[in-house]
Each structure stands twice: as C-alpha cells, then as structure tokens.
Amino acid sequence: MSVTPAARAGASASVEHAATAASTPRWVVLKFGGTSVSSASNWQNIAAIVRARLGAGLRCVVVHSALSGITDRLEGLIGAALAGRHADKLAEIEARHRALAGDLKIALGERFGAFFADLRRHAEAIAQRGAVDDRTRAAVMASGELLATSLGESFLAAQGIATTWVDARQVLKAERRSGVNDKAGVLSATCDFAPDAALAAAWQAIDGVIITQGFIAANEQGDTVLLGRGGSDTSGAYFAAKLAAARLEIWTDVPGLFSANPRAVPGARLLRALHYDEAQEIASNGAKVLHPRCVLPVRQYGIPLHVYATQAPGLEGTIVSADVADSAARVKAIAIKKGITLVSMESPGMWHQVGFLADAFQVFKDQGLSVDLVSTSETNVTVSLDPAANTLDEAVLARLRAALGALCRVEIFGPCASLSLLGHNIRGILHELGAAFELFQDQKIYLVSQAANDLNFTFVIDETQGDRLVQELHQRLIQRIGSDKVLGPTWEELFGAERDARRAPAAWWEHPDKRAQLIAIAEREEAAFVYDAATLDAAVAAVRGVGAVDRWAYAMKANWHAGILRRFHAAGLMIECVSEGELDWAFAEVPGLAPADVLFTPNFAPRREYAAALARGVHVTLDNLHPLAAWPDLFRGRELFLRIDPGIGRGHHDHVRTAGAHSKFGIPVSELDTLERLIRDVGARVVGLHAHAGSGIFDVHNWTETGALLAGLARRFPEARVLDLGGGLGVPDQAGGRHFDLAALDRGVAALKREFPGREVWMEPGRYLVAEAGVLLARVTQLKTKGDVHYVGVATGMNSLIRPALYGAHHEIRNLTRLEAPATERVTVVGPICETADQFGADRWLPPTAEGDVVLIATCGAYGYSMGSNYNRRPPAREFLLE
C-alpha cells in the first residue's frame with residue numbers, strides 16, 4: 001500500500017474530526033541506517049522492534065537509508081555513465097538488492113521495478129549528454145533509499161505487519177535559504193520541521209506502520225533534493241518533529257554514542273545519557289553515529305532521542321534529552337574530525353581595520369561556505385572548513401582563494417584533523433588537563449579553540465597525528481573512570497566475548513598441536529618469538545596468486561630470520577634490503593641467492609654501501625639527488641631504480657607513512673628535471689621506478705594510483721621497464737578485523753597494466769607475509785593492583801616488541817595457559833623495562849591470571865625481533881621456527 005499526495009492532502013473533515021475525538025496517538029519514529037537494513041538477520045530484528053513498539057501502544061514510522069555501500073555505488077554509476085560504461089554498475093546495484101530480497105524470501109516487486117527503470121533512464125541520459133547537473137545527480141542518489149524502502153515494505157508485510165509505503169518527497173519540503181548556492185540547495189538541503197497537525201491526522205487514519213525514506217526531500221518545483229551524506233538521521237528528526245512524536249529512535253550498528261570511536265579505541269565507554277547540547281557537540285565533532293543536523297528538531301520540541309544497535313537490540317544504548325545526568329565539569333568524550341581544510345588570511349592592514357572580518361566572512365557567505373572554527377590575531381585570521389558541511393572541491397577552493405585575494409594574502413592547506421575534548425564546563429577543569437596536554441608537546445598545532453558554550457576544547461593538527469592522540473588522551477582522561485550515570489561499559493566489554501566467539505577460522509596458535517608446541521617452548525624460555533612455517537607458506541601462496549603482479553620481493557627488514565629468508569627465496573620471491581648489513585646477511589644465509597633477485601633500497605646511506613651493492617650486481621635504488629650529484633663516477637653507466645615520492649603518505653600511523661614533504665623518503669616530482677639532467681650527465685640508465693606511500697593500507701587505489709603516477713613519469717625514462725609499487729598491504733591487528741583484498745588488488749593492477757602496457761609490475765610486501773605467522777610468548781612474572789587498574793607483568797617488554805610504544809599498535813593478547821577460560825578481568829599488560837611506555841596493551845580482557853602463566857601476543861612476526869634491543873641490558877626474546 002502507498003499514500004499519494006492527493007490522498008494525504010485530501011483528508012476529509014470527518015477524518016479530521018475522528019482523529020481529534022480519538023485519543024491522540026503516540027508516535028515513535030524508528031530510523032534504521034544502511035548497515036541495519038542490509039542483512040536478513042537485521043531485518044528480523046527490525047520486525048521484532050516494530051512489533052514491540054506496536055505492542056506498547058505506539059504508532060510507528062520507519063525511516064531508513066539505502067543499503068550499505070549503495071550510495072557509493074550510485075556515485076560510481078554517475079562516473080561510469082559519463083564514460084558510457086554504466087551497464088555493469090547498474091547490474092551490480094540490481095544484483096545487490098536481488099540478493100537481499102532472496103535472503104528475505106520476498107520478490108522485488110513492481111515498485112522496485114519502477115524505481116530501477118527510472119535509475120536506468122537517468123544513467124542513459126547522463127551517458128547521452130556526457131554531463132550531469134546537480135538535479136540529475138540528486139535524482140540518481142535518491143534511488144538508493146527508494147529501492148531499499150520498497151524491499152522494506154515487502155518484508156514487513158510478509159511478516160504480517162500492515163505497512164504503508166510513503167514517498168518522503170511528498171512530506172519533506174526544502175526551505176529556500178538566502179546566501180546558499182544552488183549546489184548546496186540541491187545536495188545539502190534543509191527542511192521545515194514545524195509540527196504538522198494535518199500530516200499527523202492523515203497518517204493516523206492509516207492502519208499499521210508507515211515506511212518512508214531518509215536522505216531525500218523535494219523543493220518548491222517538486223524536484224528531488226538531498227539532505228547531505230548521513231542525512232537519514234535528519235529525516236528521522238524532521239518526521240519526529242512534524243508528528244510531535246513521543247521519541248525518535250536511531251538504530252545503527254553501534255549501541256549508542258561512545259566516549260571515542262570504539263572501532264579505533266576498544267576501551268571507549270558507552271555514554272548512557274547526554275544533554276542535547278552534548279550530543280550536538282559530539283556529533284558535530286566527528287562522531288559518525290549521529291548526524292549533527294538531527295539534534296536541532298528534537299531539541300526544539302523536547303523529543304527524546306534514543307540510539308540503539310540493530311544487531312544487538314537488547315543493549316541499553318544512549319538517551320539524549322533535556323535532562324542532564326551529570327552536570328559536573330568533566331570530559332565525557334574525545335572526538336576527531338578528519339578532512340578539515342584551513343584557510344589562513346593574513347594582512348598587516350587588518351589590525352584595527354573596521355569591517356575586515358565582515359568583508360572576509362561575506363566572501364565565505366557568497367561562496368556558500370560554512371565556517372566552523374575561527375582564530376584571530378592582529379595580522380591573521382584562520383578559519384576551518386568542515387567537509388561534512390561544505391562541498392570542498394578544487395573549483396570551490398579556487399574561487400574562494402580568488403575572492404579572498406582582494407582582501408589579504410590567502411593560504412589554504414589540509415587535510416587536517418580537529419581533535420576535541422567534549423563535555424560540560426570544560427573551562428572549569430583546564431587546570432586538571434595539564435598532564436593530558438603534554439601529549440601535544442611534539443605535535444604541530446595549527447589552531448586552538450575553546451567553545452563559547454563551554455562544551456569543547458579543540459586542537460587542529462595534522463591529520464596523520466590524530467588517531468594516536470585520541471587513544472592516548474582517552475586513556476588518560478576517561479578510560480579508567482568507574483561506571484556511573486554517564487559512563488557505561490566499554491566497547492570491549494559489550495562485544496569482546498561475542499567477537500571472540502565468532503572468530504573464524506581459528507588462529508594457527510589456537511590449534512591443539514600448535515598450542516602444545518608453544519607451551520613446550522615457554523617452559524624452557526621466559527620469552528620467545530615463535531613463527532609458524534605453514535602460515536608463512538600460505539601467505540606467500542596468497543600473494544603469488546595475484547597474477548597481475550610480475551614479481552614479489554620480500555622486505556626483509558620486517559623479519560630477517562634466516563629460515564624465513566630461505567623459505568621465501570625457495571618460493572620464488574626476491575629479497576629487498578635497505579642496508580649493507582642486510583645485504584651481507586641475505587647472501588650469507590640464502591644459498592644460491594642471485595644478485596638479480598635482490599633489491600637494494602637504502603635511505604641516507606653512506607657512499608660505501610652503494611659501492612658495495614653495485615659491486616655485488618644487485619638492483620640499486622636511489623631516493624635522493626645527492627648521490628648522483630656528489631658521487632657521479634660511482635653510478636656512471638649503471639642501471640638504476642629511482643624511488644619517487646608520490647606526495648601523499650598513507651598508513652596506520654604517521655611513523656609508517658613514507659611519502660609527503662614531512663617524510664624523508666623519495667625524490668619529489670618537483671626535482672625530476674634536475675634528476676633527468678644528472679642521469680644524462682653520468683650516463684646512467686633508469687630501468688625501474690619505485691614508490692611506497694606507507695604501511696597498513698587496505699585501499700587498493702593506493703597502488704593503482706601509485707602505478708599510474710609512475711607510468712606517467714616513465715615517459716621521461718624510456719628504458720624504465722619496471723614499475724615497483726612498494727608494499728604496505730594491511731594486516732588485521734584485531735581478531736575479526738578487516739583482511740586485505742588480494743583479488744581486488746589483482747583486478748586493479750590488471751587494469752593498470754591494460755592502461756599502461758609494456759611494463760612489469762613488482763611489489764615489496766614485508767609485514768603482510770610474516771606478521772600473522774609470528775607470536776611473542778612471555779611468562780607472567782608479577783601481578784599488581786593500583787586503584788581500578790590491574791597490571792599483569794610479563795618477562796619481556798619493549799626490548800622485544802616496541803610497536804605498541806612506538807606506533808600505538810594494537811596486538812591481540814591471550815592467556816595461552818587458560819585459553820578456554822572466560823575473559824572476566826580487565827588488565828593492563830606490561831613488561832619489565834624502566835619506561836612508562838613499556839606496555840603491550842591497556843584495558844584488555846583476560847581470564848584470572850597467575851604467576852607462571854604464558855601470555856601470547858599475536859601478530860608479532862613482523863618488526864618484533866628485528867626492532868628489538870638490549871635496553872636495560874635485557875636481551876630480546878629468542879626466535880623459534882615451527883616447521
């Protein structure tokens with residue numbers, strides 16, 4: 001069943017009278033996000049939630065998003081249609097919905113067919129015109145919600161729940177906003193949300209549940225407009241306000257608002273209750289659970305907002321209301337917002353100049369840009385632009401720069417991140433935050449802002465610095481506080497056991513025979529690194545299965561155990577070395593190693609190391625102009641690889657990002673003219689180009705974009721037959737974490753080779769091949785409790801594994817002695833080194849642990865022993881290879 005505009009608008013006087021005479025219905029608006037509506041199990045939960053609300057005497061409005069990933073696919077469809085290659089994208093979108101319909105045991109239905117036909121027509125029109133305007137873009141993007149709600153209607157009806165489908169565009173009307181450009185008015189619209197008695201009366205006359213779309217609305221002309229990415233929350237709030245609902249429930253994949261992003265900080269605490277102001281600040285400062293725009297409508301009309309997890313409907317969630325559960329001055333959350341653009345406006349003449357700020361801000365208004373943070377001095381004003389509130393493409397920023405250039409000198413830079421401490425009365429506890437602020441002492445801070453409403457204290461920093469700072473600040477300010485009215489359980493407490501229960505397949509060290517071998521080693525050794533040969537072989541086989549990559553080289557700095565090197569060489573891998581010491585070790589320990597199978601990629605090495613490598617006949621890579629300019633005779637007539645800086649670093653931590661101006665690696669593209677001249681002068685031949693952006697990367701575009709860059713630059717060096725895309729393939733650091741998609745890499749590299757034929761593609765993984773094959777075993781030495789913190793001390797520390805201290809790296813920690821026992825104690829696992837940073841993990845869940853137990857630290861096959869030291873005169877753990 002569906003409701004037409006005429007039926008809604010034409011509610012008769014008798015219906016209105018009946019609605020008035022009857023008891024006023026209590027409406028609840030249930031908004032479900034993309035992940036929530038993308039699986040059959042979640043839809044079963046949705047049906048149960050709806051039944052529970054109906055059973056409580058509430059009228060239900062279900063508002064939901066497109067299936068997860070479909071909005072991105074619709075963006076991709078537009079790009080494909082512009083190139084005339086949209087058929088496959090359409091087929092993918094249809095197949096995704098058809099698969100879900102099959103899981104739900106429903107037919108797609110006529111409504112779905114009609115909306116999909118509209119989508120196909122839009123794609124064909126874009127292809128014919130070779131262009132897309134904002135209104136067509138909005139119509140295409142709206143298809144995700146229209147298609148998804150047609151499935152939702154059918155499923156609820158099949159469950160015996162009377163359901164009426166309503167087009168949100170007939171109810172939500174975009175407001176005209178002065179000073180807003182046409183693009184923002186279409187792609188990031190706002191709507192009137194005043195209570196609508198006529199709407200409430202018309203919907204009261206409808207039996208059962210109403211299902212409608214998030215994210216979409218219509219303008220005065222009836223054209224489709226969008227509420228911006230994440231706008232489905234706002235749609236839910238609009239409907240709740242218009243119906244004067246008893247409450248709005250936001251159902252997502254996270255059971256409420258947390259004190260930090262729980263995906264990045266497992267110790268993040270559930271925030272049980274918040275005031276509207278606090279929720280607005282947390283949402284506005286980077287929390288993805290709640291869209292910032294959705295708070296205003298419910299706050300204005302005093303409607304409580306509840307946030308729950310669809311996959312775990314029994315958890316308590318977060319309640320946002322006018323009640324303040326705890327008004328004491330405290331930090332309740334730490335949020336990070338990435339992709340921030342800073343605009344610096346400088347002019348000595350602005351000091352005491354009347355109207356400068358007014359003129360400058362008028363420029364932002366004329367460009368349709370919303371300013372977030374502001375910092376001023378006598379000669380400079382710097383503001384931040386949030387990508388969630390602005391369209392910040394290159395054309396927009398170029399127009400802004402040109403317009404501001406008439407007033408002052410302009411500098412635009414990013415990406416930056418804003419890191420905010422959030423909570424009531426922040427000014428009242430600044431004196432208590434001194435120890436936490438010490439964490440910023442080595443960081444570049446562009447801007448500091450203390451909110452006028454006293455709800456946040458914000459730092460704008462390099463984006464690369466943000467994640468680790470959030471973890472460290474959270475640990476100091478929030479993580480160890482006991483539960484109260486505001487702070488609930490940690491993410492790990494809520495989902496750790498469930499995560500462990502669904503881990504599959506089991507890690508190699510959990511198999512009984514392997515576990516017995518590990519326990520036997522631990523009986524002889526207080527601490528030991530142990531590597532599993534079968535896991536090493538499986539990793540090599542996996543990368544060798546990527547047919548588009550012509551040669552793989554193992555970056556031996558990750559782990560130079562002789563048995564591993566021999567194993568990888570026998571499997572056909574090259575070996576990549578970064579020092580003369582590694583070269584000597586590789587040739588000494590790997591019988592039959594040919595120079596052609598070795599890459600030498602040093603950085604700031606002395607002349608003698610290059611001379612030694614050239615004498616051995618291995619492939620030599622230069623990543624600086626200095627060797628060519630200062631030692632030309634050394635390279636005369638030689639074949640060389642060149643390491644190029646792609647300009648953007650990527651990876652899980654700023655210390656492993658190896659590109660960009662703040663990284664010491666690679667030759668910048670701006671120096672290529674000088675490089676070409678030096679190559680000609682010495683008569684060297686460039687046979688390969690290499691680039692490496694960083695480590696811990698999961699997005700295959702990193703390598704395809706790097707390859708395209710190198711292929712373009714290879715035109716300067718006609719003998720460059722090899723494109724070396726580097727390594728850095730991501731490894732899951734937590735059980736159940738994301739695994740790298742080698743099939744996607746294969747497809748991406750194959751496409752790259754089709755676009756740039758005649759080149760070999762090489763890659764250089766290190767950690768990917770060895771990390772999961774290795775564990776660190778350490779016997780428990782002592783236990784300690786200080787207040788609420790329980791320490792488990794083990795026999796080795798950062799002298800064996802420095803990654804947690806250096807990178808803030810997360811390693812899974814298990815009690816191998818009591819592997820089957822339930823993890824009921826939250827502990828911090830530390831070593832014996834005389835450094836505060838000597839800890840392997842804070843707030844980890846282990847079973848009750850005793851002296852002599854064997855603790856296992858997982859994913860230690862890479863950068864463990866190879867980065868070890870004798871600090872405190874404690875030798876690192878010895879190594880063992882299980883054949």
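Some ground rules. Because this is a predicted model, local features need pLDDT of at least 70 and side-chain atom pairs count only at pLDDT 80 or more, while totals for chains, interfaces and linings use all residues. Residues are numbered from 1 along each chain as its sequence is written, and side-chain values use heavy atoms, with hydrogens and water left out.

I'll start with the cores. A nonpolar core here is a set of buried Ala, Val, Leu, Ile, Met, Phe, Trp, Tyr and Cys residues joined through side-chain atoms within 4.5 Å. Buried means under 20% relative accessible area, exposed over 50%, and partly exposed in between, using a 1.4 Å probe and protein chains only. The largest nonpolar core has 134 residues, and Trp-203 and Leu-290 have the most contacts inside it. Helix H7, residues 134–158, gives this core its largest share, 10 residues. Helices (H or I, at least four residues) and strands (E, at least two) are DSSP runs, numbered from the N terminus. Another core lies apart from that one, with 98 residues, including Leu-689, Phe-717, Leu-776 and Leu-881.

What does Leu-290 contact, leaving aside neighbours within four places in sequence? Counting contact as heavy atoms within 4.5 Å, the partners of Leu-290 are Asp-233, Ile-250, Leu-257, Ala-279, Ala-283, Val-295, Leu-305 and Val-307.

Two of those names come back. Asp-233 is one of the buried residues of H10. Just after H10, Ala-244 takes a positive phi of about 50°.

Val-307 has Thr-318 in E12 as its bridge partner. Strand E11 (residues 305–309) pairs with E12 in the antiparallel sense over three bridges. E12, residues 318–321, also pairs with strand E10, residues 273–275, here in the parallel sense over three bridges. His-275 has Ser-321 of E12 as its bridge partner. Two strands count as paired if DSSP finds at least two bridges between them.

Next, the open sheet. Six strands form it in the order E14-E15-E13-E16-E18-E17, with antiparallel pairing. Strands E14 (371–376) and E17 (445–450) are the edges, each pairing on one side only. On average, neighbouring strands of this sheet are turned by 30° against each other, direction ignored. Inside the sheet, seven bridges join E16 (residues 409–422) to E18 (residues 456–462), and Ser-420 stands opposite Thr-458 in E18. Helix H14, residues 394–405, packs on the sheet and touches E13, E15 and E16; its direction makes about 115° with that of E16. Axes are lines fitted to C-alpha atoms, for helices over the stretch in contact, and angles run from 0 to 180 degrees between N-to-C directions.

Last, two loop residues. Gln-367 sits in the loop between helix H13 (356–366) and E14, and is buried at a relative accessible area of 19%. Its C-alpha is separated by 6.8 Å from that of Leu-400, 33 residues apart along the chain.

Asp-853 is in the loop between strands E34 (839–846) and E35 (854–857). Is Asp-853 buried or exposed? Asp-853 is buried, at 5% relative accessible area. Its side chain makes a polar contact with the side chain of Asn-815, at 3.1 Å. A polar contact is a pair of N or O atoms within 3.5 Å; within protein, one must be able to donate a hydrogen and the other to accept it, and residues adjacent in sequence count only if both atoms are side-chain atoms.
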